[in-house]
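Keep the 3D view open as you read.

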Amino acid sequence: MKSSWRDGERVREVELKPLSPGRWRVRVDASEFELACETMPDGKLRLVGEGGVTVAEVTAEGARRFVRLGVLDFVVEREGAGGSGRRRAAGGAHDGGLTAPMPGVITKVMVVVGDEVTKGQPLVALEAMKMEHLVRAPRPGRVKVVAASPGQMVQSGASLVELD
Amino acid sequence: MFKKVLIANRGEITCRVAATLHEMGIRSVAVYSEADRGALHTRVCDEARFIGPPEARASYLNAEAIVRAAKESGADAVHPGFGFLAENAAFAEAVEAAGLTFIGPTAAQIRAMGDKREARRLAEAAGVPIVPGVEAADGRALVRAANAMGYPVIIKAALGGGGKGMQAAHDAKHLAEAIEAAQRVAASAFGDASVYVEKLLEHARHVEVQVLGDGKGRAVHVFERDCTLQRRHQKVVEEAPAPTLTADQRAIVTHAAVRLAEAVKYRGAGTIETLITREGQVYFLEMNTRLQVEHPVTELVTGIDLVRAQIEIAATGKLPFEQHAIKRHGHAIEARLYAEDAARDFLPQVGTATRVRWPDGPFVRVDAGVESGDAVSVHYDPMLAKIIAYAPTRDAAIERLLGALDDTRVHGVVTNLPFLRALLRAPQVRAGSYDTEWVEREFLGGFAELMRAPVPDLALAAVAIAEASGAPGLRAATAAPNGAAGHKDPFAVLGRWRQSGLGE
């Protein structure tokens, strides 16, 4: 059983082979190990491997998986599961953002079609949860499409501006 | 005493106020928007009234709808909480005009202190030193005045509060852009685009004094809080007492605060915020005419329920205790848990807090606004809870808070928990050697690096196994009681996370 998970900028590959009930051969990217796994009455997983014992809690929320190991929390997102990859790729901040980094309301559009913009120039101001975020040009270019207008409510990943 | 009080708010603060009302035997009334149907704050109150659509403007900021709900419910007073209409003079007037008691200061006091420029004048008149600053009618004039005063500066919304709309600028070029942005936020958040510019005091600590006034010219202070750990002018961790304050400085700030509160005949609970420079100079920042988010640290070190004090002052017009009766013991520290992705520039997160477990244990307090299955909406502030620990010493309080954060689990929405845990483990925080800009200047870089570390193989294995075995863990469940699981040693592969400050 193979699956791929988005971990920040990385895609992590996991392969599972059942050995016997409750025992697995696991490969995560290049590393391989064996694990025994028991589901406890409260739904937590008790993992036993060469390194010892730990308790994991896994929660699914859409394409995301929240996992707690001991006292540490991690989040990964299923890769290639209809639309989730796109949403992640549209994640604004890291990609330099021509898309809404979060759901919110457009408060100002600072460019019009045909404008030449420089890298880092603010294009659109977006407000959510009482905080303003400026969507800036990730590179120099000419504005091809402006899909945002003041007062408009947008979803995370919505395209706001396109550059040539 | 009041028989029934409507709480004109939502989330954790409504739950907090309801707890005191319950203890005092006063019936509580919650209000809720379409987005908050069935939300925790509506479940903890004795009754709940619908006030409008999800947008705050149409519901929690809709004074008319809230006053109507108060009248219909038969409440005799309104507690505004913080945020929303808590510092809205017209709302206080509307409440009183409807024949109900507003649990807070007078409308005139809210108006005077709400205009930060006016507040500066009042503080100066009361002999409290203020930060050098300039006012001007428009952006260009502000830039000119700032040029004359010198950089760096900070732009603030005249009618602002809570750090919203604040922007620092280090030269004239950035000032113009920052003024525009601040004006937009101010217009949208406070309904007035006016901003002013203050000298940015660098290497300063944020120390604020809790006051209570009887509205007739008598006031007491309930000691100070230190809220120096901030990110983008938003407080993240707060504590009492202020760890670096000398006895002399404490005397100066508390006396100045009482002087200002008495000078304006302040009524109810308020907070005088100050900045203390490295040289030990105290400057007035602003006065907040409401309960503060961080009020629990004061409550834990003094044993005073500030919400009860607010209610008693509103009902009787008298201070419930004299200054000499207010004592302080031990140390309390609070961390604000936000639905924010610390790995992605702290972007606010929206979704469902599918599985939530709050810490408990002796001397740990949680003021939470969500439980398992509750929604985190795009429409409101992303604060989910405040986790507060008390201990005899500061070191022990930090240790206890870290233990409480280890026992905190929120799945379903990404939170700033890793940030809080790493922050409280930083040696500078332990040593108390930081200023209001330290988090951004020195801490966030290393922390961002840490957040880019790969998720441990074991975590991915757990995810895949849960998936493959159709694990019950993937179903939304109710909060499990605190077990020993959180304290077991993770595998050795987790060592790097532990060392890096994210873990134990």
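**From domains to strands**

Chain B is assigned domain 1 (4-103), domain 2 (132-199) and domain 3 (205-449), with bounds that come from an automatic or database domain assignment. This is a predicted model, in which local features need pLDDT of at least 70, side-chain atom pairs count only at pLDDT 80 or more, and totals for chains, interfaces and linings use all residues. Residues are numbered from 1 along each chain as its sequence is written, while chains are lettered from A and ligands numbered from 1 in the order in which they are written.

The centres of domain 1 of chain B and domain 3 of chain B, taken over C-alpha atoms, are 23 Å apart. Their contact draws on 23 residues from domain 1 of chain B and 24 residues from domain 3 of chain B; two residues are in contact if their C-beta atoms, placed from the backbone, lie within 7 Å. On the domain 1 side, α1 (11-24) and α2 (40-44) of chain B each supply at least two residues, and α1(B) gives the largest share, 7 residues. Helices here are DSSP runs of H or I with at least four residues, strands are runs of E with at least two, and both are numbered from the N terminus.

The largest nonpolar core has 179 residues, of which Leu384(B) and Ala462(B) touch the most other members. Such a core is a set of buried Ala, Val, Leu, Ile, Met, Phe, Trp, Tyr and Cys residues joined through C-beta atoms within 7 Å; buried means that 20 or more other C-beta atoms lie within 10 Å of a residue's own, with C-beta atoms placed from the backbone. Helix α16 (residues 457-468) of chain B gives the most to this core, with 9 residues. A second, separate core of 20 residues includes Ala157(B) and Leu175(B).

Finally, follow strand β13 (residues 267-276) of chain B, where 10 of 10 residues are buried. Strand β10 (residues 205-214) of chain B pairs with β13(B) in the antiparallel sense over 10 bridges; pairing requires that DSSP finds at least two bridges between the strands. Within this pairing, Val211(B) stands opposite Gly270(B). β13(B) also runs antiparallel to strand β14 (residues 282-288) of chain B, joined by 6 bridges, and Leu275(B) stands opposite Tyr283(B). β13(B) and β14(B) form a hairpin with 5 residues between them, and Gly280(B) in the turn has a positive phi of about 95 degrees.

Methods. Buried ≥ 20, exposed ≤ 12 C-beta atoms within 10 Å, placed from the backbone.
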